[in-house]
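Welcome, and thanks for taking a look at this one with us. Please have the sequence and the model open side by side.

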Amino acid sequence: MSAPPRLTLALPKGRVMEQSLEVLRAAGLRLDTGGGARALRYDAGDATIIEMRNADVPTYVELGVADAGVVGKDVLLESGSQLVEPVDLGFAACRLSLIRPRGATGTVQRVASKYPRLTGDYLRRVGSGAEVVKLSGNVELACVSGLADAVVDVVQTGATLVANDLEEVDVLLRSSARFVVNRAALKLKHETLRPLIEALRGLPGSF
Ligand code: PRP
């Protein structure tokens, strides 16, 4: 009998990486840490891990370079990728919110964000004609510096808002980490993926 097919998993660098490895191990995969601090691709026991910026995870999974991965719902929606999303892993919970300087009034004319698609959808929904400016990080600085009169960004603890005298004025969506799967891989590697998905669903905090 042949061994079940091996997976390649796309995981985001940084805070979410350790939590992703933890839940995958709890679901029964034997995964070693490592390959060295700068390794981008390494064999980690039961799977091959490829590491990337979170915004690139949907692309690697959609194009089939990775069979599955872990990514925030906010990033997944922004990507527009049509992936199978069988498990909400529950961690990395945050809100994607419209943020303004505390006490600001008046019409919003320019909104900066790393999420231009979701920001544009939101502005159309609320009937605003504000312009969207795409930034890559430290997005709250746009409000603080006057580049924009509002930003759409992630709020997790709220500490960044407090430190910069900003306030959350609307919530666009609630996000958390999702296990995402390539559609073809779900069929071709079902022997490996089905039990993994079931085990991930059964973990405390997942649904
Ligand atoms: C994220 C987000 C906010 C901050 C919110 O930034 O963009 O700036 O965390 O978290 P808080 O509510 O707990 O303060 P991150 O450091 O992930 O990266 P970025 O600044 O490059 O967007």
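Here is a short briefing on the domains, the ligand surroundings and the salt bridges.

This is a predicted model, in which local features need pLDDT of at least 70 and side-chain atom pairs count only at pLDDT 80 or more, while totals for chains, interfaces and linings use all residues. Residues are numbered from 1 along each chain as its sequence is written, and side-chain values use heavy atoms, with hydrogens and water left out.

**Domains and their interface**

- The protein splits into domain 1 (7-92 + 176-201) and domain 2 (94-174), with bounds that come from an automatic or database domain assignment.
- Nine residues of domain 1 and ten residues of domain 2 make the contact (heavy atoms within 4.5 Å).
- The centres of domain 1 and domain 2, taken over C-alpha atoms, are 29 Å apart.
- About 820 Å² is buried between domain 1 and domain 2, and carbon and sulfur atoms give 48% of that area (accessible area, 1.4 Å probe, that two parts lose on being put together, summed over both).
- Helix α3 (residues 73-79) gives the most to the side of domain 1 that touches domain 2, with five residues (helices are DSSP runs of H or I, at least four residues, and strands are runs of E, at least two, numbered from the N terminus).

**Around the ligand**

- The ligand has 13 residues around it, and R15, K114, D153, T157 and T160 come nearest (a heavy atom within 4 Å).
- R15 places a side-chain N or O atom 2.7 Å from an oxygen atom of the ligand.
- For K114, a polar side-chain atom lies 2.5 Å from a ligand oxygen atom.
- Q156 uses its backbone instead: an N or O atom there is 2.8 Å from an oxygen atom of the ligand.

**Salt bridges**

- The count comes to twelve salt bridges (a side-chain nitrogen of Lys or Arg within 4 Å of a carboxyl oxygen of Asp or Glu).
- One of them joins D46 and R30, with the closest N and O atoms 3.6 Å apart.
- This pair links distant parts of the chain, 16 residues apart: D46 is in the loop between β2 (41-43) and β3 (47-52), and R30 is in the loop between α1 (15-26) and β2.
- Across the interface of domain 1 and domain 2, zero salt bridges are found.

Note on methods. Polar contact = N/O pair within 3.5 Å; in protein donor to acceptor, adjacent residues only side chain to side chain.
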